[in-house]
Amino acid sequence: MADYKLILPSMGEGVMEATVTNWLKNIGDAIDEDESVVEIATDKVDSDVPSPVSGTLKEILVDVDGIAKVGEPIAILEIEGEANQTEDISTDAIMATPEVEAVAAKIESEINSITPSETLSSEDRFYSPLVRSIAKEEGISQAELDQIPGSGLEGRLTKDDLKNYLQNRSKSETVQTPTPQIPTPAPTPATSATPIAVSGDDEIIEMDRMRKIIAQNMVAAKQIAPHVTSFVEADLTNIVLWREKNKKAFEAKYGEKITYMPIFIQAITKAIQDFPLINVSVDGDRIIRKKNINIGMAAALPSGNLIVPVIKNADQYSLAGLAKQVNDLAKRARENKLMPAEIQGGTYTITNIGSFGNVLGTPIIPQPQVAIMAVGAIVKKPAVIETPQGDMIGIRHKMYLSHAYDHRVVDGALGGMFVKRVAEYLENFSLDTDF
């Protein structure tokens with residue numbers, strides 16, 4: 001028998017830690033290969049961790065509500081034979097180099113310098129011993145520390161957040177001003193807004209973890225990007241007629257239902273190829289043009305929360321391929337079975353507000369993207385139809401496209417032309433389109 005360290009695997013770019021929400025196995029339980037052992041939550045998605053080997057759960061290293069780091073062990077399994085974890089680098093091996101030993105000794109001394117009377121949290125905000133130690137060394141008060149925005153899980157303040165803050169603070173302190181400056185009060189954080197009066201008949205509902213994250217991301221998105229929205233009404237009559245005619249044959253051939261979403265995504269990818277400066281991100285004064293076209297599609301969860309799975313390289317799929325991707329991601333989103341990597345890397349997003357009967361909307365741009373499109377309900381309307389014999393009135397299937405974009409880098413001309421081009425691709429959809 002041998003011990004095997006169950007490692008928290010990589011969960012996508014930018015995800016460095018996760019919160020353990022539930023252990024699916026107890027100590028002493030048998031575990032099969034690829035069987036899920038623990039449920040975790042990141043600031044992006046909930047998921048579970050399967051075991052790559054069969055064995056017995058010997059020891060749990062991270063309790064429920066504890067924070068686990070990517071690449072570090074979260075449990076010990078007892079397995080048959082000898083454990084062969086070539087990918088696992090032990091702590092002893094890491095500590096073998098003098099350089100790392102010196103850094104570790106410095107960190108340990110800093111942490112040990114924190115007196116027992118010093119708390120590691122302030123109200124509901126947690127601070128690691130290292131962050132607390134750096135703050136003490138730099139003379140940062142508790143009140144000042146509480147005002148520094150954090151990028152970690154649940155808004156936690158990381159070492160990098162604190163270093164960036166110190167660099168900016170030191171720059172501002174070195175600026176020489178020839179005349180006295182009148183101090184201005186610091187902006188009041190949103191969390192300290194005027195308290196809401198609560199009566200005895202009111203119900204107080206605590207936000208769940210995902211709702212808190214959504215709230216933080218939406219506020220940040222509106223603060224970062226100046227939003228502008230352009231609207232276009234598109235005639236989708238050909239698309240509606242084509243779908244009604246072919247949906248049964250499509251399902252029989254591919255085993256997938258054909259909805260309108262794959263057609264919308266296909267039109268958006270074509271328009272992005274025509275206007276590649278929509279497929280960008282902003283990094284300070286730099287514009288990063290993305291090579292891949294990764295389309296996020298907002299999906300409502302049964303809990304009422306929102307998640308945005310991403311179709312990577314959406315321009316490389318056929319209509320049938322897009323239908324399969326859309327159906328699979330939507331299904332697994334509702335079942336809370338998405339992997340963290342499947343909700344990352346989006347370069348443009350579409351949200352279907354028409355599924356709720358809405359015709360127009362002004363969506364919020366998910367960072368770090370610069371644009372998002374909302375598609376409304378398809379509604380029958382009387383419309384003027386131009387024919388060689390003259391104009392006539394007919395019943396058409398119409399839909400509004402709402403295109404919100406970041407005015408830092410997308411001006412009205414580009415934003416307006418893009419949504420118009422999407423509408424043109426939809427209106428020119430051929431009734432003879434092959435699937």
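A: W242 counts as buried, because its relative accessibility is 1% and buried means under 20% relative accessible area, with exposed over 50% and partly exposed in between (1.4 Å probe, protein chains only). The model is a predicted one, in which local features need pLDDT of at least 70 and side-chain atom pairs count only at pLDDT 80 or more, while totals for chains, interfaces and linings use all residues. Residues are numbered from 1 along each chain as its sequence is written, and side-chain values use heavy atoms, leaving out hydrogens and water.

There are 8 aromatic pairs in the structure; rings of Phe, Tyr and Trp (its six-membered ring) pair if their centres lie within 6.5 Å, and planes under 30 degrees apart count as stacked, over 60 as edge-to-face and the rest as tilted. One of these pairs joins W242 and F429 edge-to-face, at 5.3 Å centre to centre with 75° between the planes. W242 sits in helix α7 (residues 237–254) and F429 in the segment after α10 (412–427), so this pair links distant parts of the chain, 187 residues apart. Helices here are DSSP runs of H or I, at least four residues long, and strands are runs of E of at least two, both numbered from the N terminus. F429 is buried as well, at 9% relative accessibility.

W242 also pairs with F435, again edge-to-face, at 6.2 Å centre to centre and 80° between the planes. This second pair likewise links distant parts of the chain, from helix α7 to the segment after α10, 193 residues apart. At 18% relative accessibility, F435 too counts as buried. W242, F429 and F435 belong to one aromatic cluster together with F250 and Y254.

Helix α8 is another buried element. Of its 14 residues, 11 are buried, so α8 is largely enclosed by the rest of the structure. Among the buried ones are M261, F264, I268 and I272.

For the chain as a whole, the secondary structure comes to 10 helices and 21 strands. Buried residues make up 38% of its 435 residues. Of the contacts (heavy atoms within 4.5 Å) with a separation of 6 or more, 61% are between residues 24 or more positions apart.
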